[in-house]
Amino acid sequence: MPRRLAIIIALSCATLMSGKAFAYLDPGTGSMILQGVIAGVALAWFTIKVYWYKITSLFGKKPPESLLDDDVNHDGEL
Amino acid sequence: MNRLSASFRDPSGFVFSHNGIIHRQVNSRYAPEYEQLMASGLYEALTQKQWLIRHEEVQEPAISADANAYKLLRPEQIPYISYPYEWCFSQLKDAALLTLKIAAKALQHDMMLKDASAYNVQFLGSQPLFIDTLSFAPYVEGEPWIAYRQFCQHFLAPLALMAHVDISVAKLLVTQIDGIPLATASRLLPLKTRLKSGLYSHLHLHAKTQQRFADSAEDINTSPVENRKPRISKKALRAILESLAVTINNLKWHPPKTEWGEYYAQTNYSPGAADDKASLLRQLIGSIASPLETIHDLGANTGVYSEVAAAHCRYLVSQDIDPIAVEAQYQKRRAAGPTNILPLLQDVTAPSPAIGWRNTERDAFTKRAHCDAVLALALVHHLAITNNTPLGDIAAFFADLAPYLIIEFVPKSDSQVKRLLATREDIFPDYTEAGFERIFGELFTVERKQGVAGSDRTLYLMKRRVDADNSGSMP
């Protein structure tokens, strides 16, 4: 039980802390801003891909596995 | 406790060696993140897939005296530490894809990689493995990826340069310990790479955006300019990871045909002589009485003889100067499954130097490569004749590395040596079998010696003389 309690406390601490506390790297202003710029495009491209595979799967074509191999596959849900 | 100098950047903990075993201390400040990694199921998921190194928590009062200590971990031991500038194209590519897969998996467990250094990946045989257990941080909703720039510098830039400019550009990684600056890569890459959406956005546009904000000292977290720091949904972040993975995966290296690439086809060994050399090698290694942990095969080409020797030791590091040969060997072994052979790039005439802070962050080849036996087949003529290295210096180099040496002497009558001497003056009066034996005899005793049938070459098993051990680290 004490171990479980420790984990709960640890998790709560982790959630309460801001992301900045964990960063020992300088992320680079340009690199952060660029992600904001390309995020929309990347997401649109990903969504189109998901729907495309949904359509082709209607014709019995198996969608290729994601390179990220994280079982998200093509339902678009995380 | 011997703290390793490679792990000073991240205050989450550090790596040290105790009685020859690598340990990792988790500092108290990293306790919440470490517990989240372990409790969220992420550690289990990653280790089950053999993506992340396994560890056990240990309690050894004698070594956990540090006031900052939260936990002491003993990770699975990596037999030989290698660096990105010693990897072939596909090794760096596999390490990149592994890093992205781990980031995506972490995201599913509400965590994220807080760094994406190529040095966080090591190879166990042909299997890439993420070794930095302390690289995980809680995912904060809306945050961009902090390690995006580092990933692009450590992986995307060198891979793009290898694929689109020249394979040897990867050597820039020796001088650029934090990866190749994107501005440098962008300037070197051909125009056509700007037409590829992945390379354009993650590399060229990335470099431009960096330059645009390079002089801005304002903190984007507290900047009065509204919305300076972008908010990115989790789905969009995963889409960026996938886009990076597709970009990396589309990079291919098509090696030009070289004389080395087809070496086995045009060597002066007949198939019979090659078999004879293999069985001779088997006999010589088999006659070494002491158990062999690690063997270094230097000048291994595509690793045909490494495979013969690997049956007699726990781990074999198979090294060659030719990126094509190493690439061919890695791809073959990766496809074949688990192996105790690690293929690497290494130029014996100028081995990897010690680099980084105080020259101790990444060790030199000569510091890492101490082993039980060295294999030097069809190598000595390249060192002695192509590189003009005196035979005594070659012997001393091998004597520093291992107590046993299996070496092939290739005489001047051999067609390969004739070719090397065809365009230059023969200034090597000592380069004879007798001269070789006399000079190597100062540091080694010849245990066995046998000619390779069908050729003029001779294979030797040599044992280092007790008084010739200058390495200071061998038993």
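Is B:Asn359 buried or exposed? With a relative accessible area of 51%, B:Asn359 is exposed, where exposed denotes over 50% relative accessible area, buried under 20% and partly exposed the range in between (1.4 Å probe, protein chains only). The residue belongs to the loop between β12 (341-345) and α13 (365-368) of chain B, and its phi is near 60°, a positive value in a residue other than glycine. Helices (H or I, at least four residues) and strands (E, at least two) are DSSP runs, numbered from the N terminus.

The model is a predicted one, in which local features need pLDDT of at least 70 and side-chain atom pairs count only at pLDDT 80 or more, while totals for chains, interfaces and linings use all residues. Residues are numbered from 1 along each chain as its sequence is written, chains are lettered from A and ligands numbered from 1 in the order in which they are written, and side-chain values use heavy atoms, with hydrogens and water left out.

Chain A contains 2 helices and 0 strands. Of its 78 residues, 37% are buried. The chain exposes about 5000 Å², of which carbon and sulfur atoms supply 66%; accessible areas come from the Shrake-Rupley method with a 1.4 Å probe, and for residues only the protein chains shown count as cover. A:Trp52, A:Ile55, A:Leu58 and A:Phe59 make a nonpolar surface patch of about 550 Å². Patches are made of residues with over 30% relative accessible area and no salt bridge, like charges being joined within 9 Å and nonpolar side chains (Val, Leu, Ile, Met, Phe, Trp, Tyr) within 5 Å. A salt bridge is a side-chain nitrogen of Lys or Arg within 4 Å of a carboxyl oxygen of Asp or Glu. Within the patch, A:Phe59 is found in the segment after α2 (29-58) of chain A. A:Phe59 counts as exposed because its relative accessibility is 72%.

In chain B, an open sheet of 5 strands has the order β1-β2-β3-β5-β4, with antiparallel pairing. Two strands pair if DSSP finds at least two bridges between them. Strand β2 (residues 13-18) of chain B is joined to β3(B) in the antiparallel sense over 6 bridges, and B:Phe14 has B:Gln25 in β3(B) as its bridge partner. These two strands form a hairpin with 2 residues between them, and B:Asn19 in the turn has a positive phi of about 50°. β3(B) also pairs with β5(B), in the antiparallel sense and over 4 bridges. On β5(B), B:Leu73 stands opposite B:Arg24 and also opposite B:Glu57. Between β4(B) and strand β5 (residues 69-75) of chain B there are 3 antiparallel bridges. Because 5 of its 7 residues are buried, β3(B) is largely enclosed by the rest of the structure.

Helix α1 (residues 31-39) of chain B lies across β3 (21-27), β4 and β5 of chain B and runs at about 45° to β5(B). Contact means heavy atoms within 4.5 Å; axes are lines fitted to C-alpha atoms, for helices over the stretch in contact, and angles run from 0 to 180 degrees between N-to-C directions. In α1(B), 7 of the 9 residues are buried, so the helix is largely enclosed by the rest of the structure. The buried residues are B:Ala31, B:Pro32, B:Glu33, B:Tyr34, B:Glu35, B:Gln36 and B:Leu37. After α1(B) comes B:Gly41, whose phi is positive, near 90°. B:Gln50, in the loop between α2 (42-48) and β4 of chain B, has a phi near 60°, a positive value in a residue other than glycine. At 52% relative accessibility, B:Gln50 counts as exposed.

A further open sheet in chain B is formed by 7 strands in the order β12-β11-β10-β13-β14-β16-β15, with mixed pairing. β12 and β15 (444-451) of chain B are the edge strands, each pairing on one side only. From one strand to the next, the twist averages 20°. Strand β13 (residues 373-376) and strand β14 (residues 404-409) of chain B pair in the parallel sense over 4 bridges, and B:Val374 has B:Leu405 in β14(B) as its bridge partner. Helix α17 (residues 433-440) of chain B packs on this sheet, touching β14, β15 and β16 (458-464) of chain B, and its direction makes about 10° with that of β16(B).
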